[in-house]
Amino acid sequence: MGGAAAAHHAAQHGHTRVLEALRDAGADFSLCSGKGWTPYDYAAKVGGHEEAARLLGAPLDPAQARKAYLTRKIQEYEEAALRAKKFRAAGNADCLKTEEHWIWQAGTDIKKLYDEMLPMWQAQSKDNPELEDLLDKAQRITELKYRMEGKGEKDVDADLRAAEAELRAFDDAKSRAMLRVMVLRDVKERMAGA
């Protein structure tokens, strides 16, 4: 288990002594799990361990945490691609196969996070060239992943329609929730005034 996984596990289960040891050893508590969660998220939201959450400090903004996670995954992808290129040139088929697996896994993680966060990040990237560059890299890697899997334009179109449907469902749920909040605020004001 790596340091990041150990921190997430210790946080989820409220193991403060382990968290203290990891902190003293220089563990980075801002690293995200595959779900995009920091150790703080596991301590506070999953495990309900207040002491562990206090030890971990203030939570990262979820968008910042996901951006950091995406940045690391893109770096993993690029490093694996460079290693694969060297192994291909050397004719080392076993090592090449391993690197292709890493490329595929990192591409899968990048595509998932890219699809999830794209609408929010697009709105933020207009005034942020760094985020715009990150999104461009994620988009190119997502395209390469489709090509590696032998998928064509029809597959991309089907995935796009599914993602758009998910976004519409999210927007509908958000609209219903906003309407409910407005109605309940109105009811509260009327009850307070009566």
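Guide: A salt bridge is counted here when a side-chain nitrogen of Lys or Arg lies within 4 Å of a carboxyl oxygen of Asp or Glu. The model is a predicted one, in which local features need pLDDT of at least 70 and side-chain atom pairs count only at pLDDT 80 or more, while totals for chains, interfaces and linings use all residues. Residues are numbered from 1 along each chain as its sequence is written, and side-chain values use heavy atoms, with hydrogens and water left out.

Visitor: How many salt bridges does this rule give?

Guide: Side chains of opposite charge can pair when their charged atoms come close. By this rule the count is 3 salt bridges. One of them joins Arg83 to Glu99, with the closest N and O atoms 2.9 Å apart. This pair links distant parts of the chain, since Arg83 belongs to helix α5 (residues 62-90) and Glu99 to helix α6 (residues 93-125), 16 residues apart; helices are DSSP runs of H or I with at least four residues, strands are runs of E with at least two, and both are numbered from the N terminus.

Visitor: Is Glu99 buried or exposed?

Guide: Buried means under 20% relative accessible area, exposed means over 50%, and partly exposed lies in between, with a 1.4 Å probe and protein chains only. Glu99 is buried, at a relative accessible area of 8%, whereas Arg83 is partly exposed at 34%.

Visitor: Which residues form the other salt bridges?

Guide: Arg88 and Glu100 meet through their side chains at 3.5 Å, N to O. Because Arg88 lies in helix α5 and Glu100 in helix α6, the pair ties together parts that are 12 residues apart in sequence. Arg88 is partly exposed, with a relative accessible area of 49%, and Glu100 is also partly exposed, at 33%. The side chains of Arg23 and Asp24 form a salt bridge as well, again at 3.5 Å, N to O; Arg23 is partly exposed at 40%, and Asp24 counts as exposed at 62%.

Visitor: Which residues of the largest nonpolar core touch the most other members?

Guide: In soluble globular proteins, nonpolar side chains tend to be buried together. A nonpolar core is a set of buried Ala, Val, Leu, Ile, Met, Phe, Trp, Tyr and Cys residues joined through side-chain atoms within 4.5 Å. Of the 18 residues in the largest such core, those touching the most other members are Leu70, Ile74, Tyr77, Ile110 and Ala138. Two or more residues come from each of α5, α6 and α7 (129-148), and α6 gives the largest share, 7 residues. A second, separate core has 13 residues, among them Leu22, Phe29, Tyr40 and Ala53.

Visitor: Which residues make the nonpolar surface patch?

Guide: Leu179, Met182, Val183, Val187 and Met191 make a patch of about 500 Å². Patch residues have over 30% relative accessible area and no salt bridge, with like charges joined within 9 Å and nonpolar side chains (Val, Leu, Ile, Met, Phe, Trp, Tyr) within 5 Å; the areas come from the Shrake-Rupley method with a 1.4 Å probe, and for residues only the protein chains shown count as cover. Val183 is placed in helix α8 and is partly exposed at 45%.
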